[in-house]
Amino acid sequence: MPAALCTSELVTNVHLHTKGAAMLRIRLNPARLHVSVFDESPDPPVVAHPAAGVAACWGRGLALAEEVADTWGVADGRTGRYAKGVWFELRPAG
């Protein structure tokens with residue numbers, strides 16, 4: 001479930017906050033799952049941390065990935081069509 005949640009949040013962020021094409025890359029090996037979502041926007045992603053008890057329909061995607069994933073980050077400064085990528089990694093349980 002953590003992989004599905006984080007992937008869904010990153011893809012949703014691209015859909016809501018950028019224009020143009022996106023690319024999803026999934027790499028799996030015995031040590032980790034690495035998921036990247038690339039888009040055409042050079043704008044950096046923003047991690048929002050709404051106050052506890054505050055209802056919001058959006059704005060928690062990267063905060064959820066930050067909480068659930070073992071690690072996450074931004075691949076920016078890229079060249080070519082996909083200007084930036086947001087990624088997360090999960091390690092096997094156990």
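**Salt bridges and layout**

Guide: Glu 40 is partly exposed, at a relative accessible area of 28%. Keep in mind that this is a predicted model.

Visitor: What does Glu 40 meet in a salt bridge?
Guide: Its partner is Arg 81, at 2.5 Å from N to O. Glu 40 sits in the loop between strand 2 and helix 2, and Arg 81 in the loop between strand 3 and strand 4. That links parts of the chain 41 residues apart.

Visitor: Is Arg 81 buried or exposed?
Guide: Arg 81 is exposed, with a relative accessible area of 53%. The cut-off for exposed is over 50%.

Visitor: How many salt bridges does the count come to?
Guide: The count is 4. One of them joins Glu 89 and Arg 32, with the closest N and O atoms 3.0 Å apart. Glu 89 is in strand 4 and Arg 32 in strand 2, so the pair ties together parts 57 residues apart in sequence.

Visitor: And Lys 84, which residue does its side chain meet?
Guide: Asp 39, in a salt bridge of 3.1 Å, N to O. Lys 84 is in strand 4 and Asp 39 in strand 2, 45 residues apart. Both residues are buried.

Visitor: New topic. In what order do the elements run?
Guide: From the N terminus, α-β-β-α-β-β. That comes to 2 helices and 4 strands.

Visitor: Which element has the lowest mean pLDDT?
Guide: Helix 2, residues 61-68, at 88. Strand 2 has the highest, 96. For the chain, the mean is 86, and 86% of the residues reach 70 or more.

Note on methods. Residues numbered from 1 in each chain as written. Predicted model: local features only at pLDDT ≥ 70, side-chain atom pairs only at ≥ 80, totals over all residues. Heavy atoms only, no water. pLDDT = per-residue confidence, 0-100. Buried < 20%, exposed > 50% of the residue type's maximum accessible area, 1.4 Å probe, protein only.
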